[in-house]
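Here is a set of questions and answers for someone meeting this structure for the first time.

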Amino acid sequence: MSATPTRRMVAVMVLVPVVVALALWAFAWPAARVAPRDVPVGVAGPAAAATELEHRFEQREGAFDVHRYDDGAAARAAIEDRVVYGAVVVTPEGPQLLTASAGSPAVAQLLREAVAGGAPAGAAAPVTDVVPTPSGDPRGGGLAASVLPIALAGVAAGAAVTVLRLRGTRAATALAGSAVLVGVTAVTLTHSWLGVLTGDWWSEAGALSLTAFAISATVAGFGALLGTRGVALGALLMILIGNPFAGAATAPELLPEPAGAIGQWLPPGAGASVLRSVAYFDGSGAGAGLLTLSLWAALGLTAVLLGTARATRPAVRAESRHGGAPAPVA
C-alpha cells in the first residue's frame, strides 16, 4: 500500500470523529445549557411596587435585564417593539404579567414560572399574551424549523456556483435568482399553506430571500477564493455553527455565552430574528439583523468578484504573450 492511500485512510479515520465531535459540541452544548442570561424584561407601576419587582428579578443574578416603565401601556409598547420579551405590571388589583409568546414561547413560559414563584401561596397573576403565536403554530416550532432548510438551500446554491465555475455577473445572478425563488417557495409553504407566519407576505419572502442570499454568497465567496475547501468551510460555518447558535427555538439570551451573540452575527441567526420581526411584530427590531445579512451578502459577492478577477488574469497574460483572444469568463 502506497503512502498516499495510507494517508487518505488515516485522514478519513481521524476527520470523521472530529466532525462528529464538532457537530455534537455545536448542537448539544447550547441545548444542554439553556438558561436565562440578561433576558430583557420590564416592570411597570407605582415606584415602590415596581422597585420591589425589580429587586425580585435581580435576585436571580445575571438572569434578567430589567427595564422600568411608567405604566402598562408603555410596557405593552416595549413588548410590541421587541425591546423586552415581557413585563410585570402592578395594578390596583395586583400584578399582571404581559408576555409575547411569538417572540419566544420559551421565554414566555420562563416569565410565567418566575412570576408564579414570587407570588404568595394561592395567588396567581393574570397573564396577557400581547403578541401570541399564530393558531397554525401554537408552540412556535414552525419558524424555528425553517432555519435549517434555508441554510441548506443557501449552502447548496453557493456550492453549485462554485462547482459549475460560474463567475462574475453570472454567479451573482444565479445566487440572487435562487435566493428569491427560495424565499418565495418557503413563504408559500409556511405562510400560505401552514399558517406558521402571519405578517406581510412579501416582507417575509424578502427576509427569507435575503437570508438565503447572504448564506449562498458567503459560501460562493469562500469557494471563489479557496476552491472546494472554501465551500466546506462555508458549509461548516453556516450549518454546524450558524444553525445551532441561531437560538430560533428558544432565544439568543437563553443560550450559553458567547453562543447567542455569535449566532446573531451569522446569517442563520440574523435571518431568524428578522423573520420573527416581520412575521409577528410588523418589522420592529429587524434593523440589526438586516444590517448583518446585508454585510454578509456584500462581503460574499465581493469575494466572488475577487475570485473572478484572479481567475481571468492568467488568460489575459496568455493573450498578451501570444496575441490570442482570452477564454470567456462564465
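Helices (H or I, at least four residues) and strands (E, at least two) are DSSP runs, numbered from the N terminus. This is a predicted model, in which local features need pLDDT of at least 70, side-chain atom pairs count only at pLDDT 80 or more, and totals for chains, interfaces and linings use all residues. Residues are numbered from 1 along each chain as its sequence is written, and side-chain values use heavy atoms, with hydrogens and water left out.

Q: How many helices and strands does the secondary structure of the protein come to?
A: The C-alpha atoms fill a box of roughly 90 × 50 × 35 Å, taken along the principal axes. Within the protein, the secondary structure comes to 12 helices and 5 strands.

Q: What percentage of the 330 residues of the protein count as buried?
A: A residue is called buried under 20% relative accessible area, exposed over 50% and partly exposed in between, with a 1.4 Å probe and protein chains only. By that rule, the buried part of the 330 residues is 42%.

Q: What is the order of the strands in the open sheet?
A: Two strands pair if DSSP finds at least two bridges between them. The edge strands, each pairing on one side only, are β2 (64-69) and β5 (127-129), and the twist averages 25° from one strand to the next, where angles run from 0 to 180 degrees between N-to-C directions and axes are lines fitted to C-alpha atoms, for helices over the stretch in contact. With mixed pairing, the 5 strands of the open sheet have the order β2-β1-β3-β4-β5.

Q: Which residue in β2 stands opposite Val43?
A: Strands β1 and β2 pair in the parallel sense over 6 bridges. In this pairing, the residue of β2 that stands opposite Val43 is Arg68.

Q: At what angle does helix α2 run to β2?
A: Contact means heavy atoms within 4.5 Å. Helix α2 (residues 47-58) lies across β1, β2 and β3, and its angle to β2 is about 170°.

Q: Why are α6 and α8 described as oblique to each other?
A: Angles under 35 degrees count as roughly parallel, over 145 as roughly antiparallel, 65 to 115 as roughly perpendicular and the rest as oblique. Helix α6 (residues 147-163) and helix α8 (residues 201-226) pack with their axes 7 Å apart, at an angle of about 40°. The two helices, α6 and α8, are therefore oblique.

Q: What is the handedness of the crossing of α7 and α8?
A: Helix α7 (residues 168-193) packs against α8 at an angle of about 140°, with their axes 7 Å apart, which makes α7 oblique to α8. A crossing is left-handed if the near helix is turned anticlockwise from the far one by less than a right angle, and right-handed if clockwise. For α7 and α8 the crossing is right-handed.

Q: In which loop does Pro258 lie?
A: Most residues other than glycine have a negative phi, and most peptide bonds are trans. The peptide bond from Glu257 to Pro258, however, is cis, with omega near 0°. Pro258 lies in the loop between α9 (228-242) and α10 (259-264).

Q: Is Asp38 buried, partly exposed or exposed?
A: Asp38 is found in the loop between α1 (3-32) and β1, and its phi is near 55°, a positive value in a residue other than glycine. Because its relative accessibility is 42%, Asp38 counts as partly exposed.

Q: What is the relative accessible area of Arg165?
A: Arg165 has its place in the loop between α6 and α7, and although it is not a glycine, Arg165 has a positive phi of about 60°. Arg165 is exposed, with a relative accessible area of 59%.
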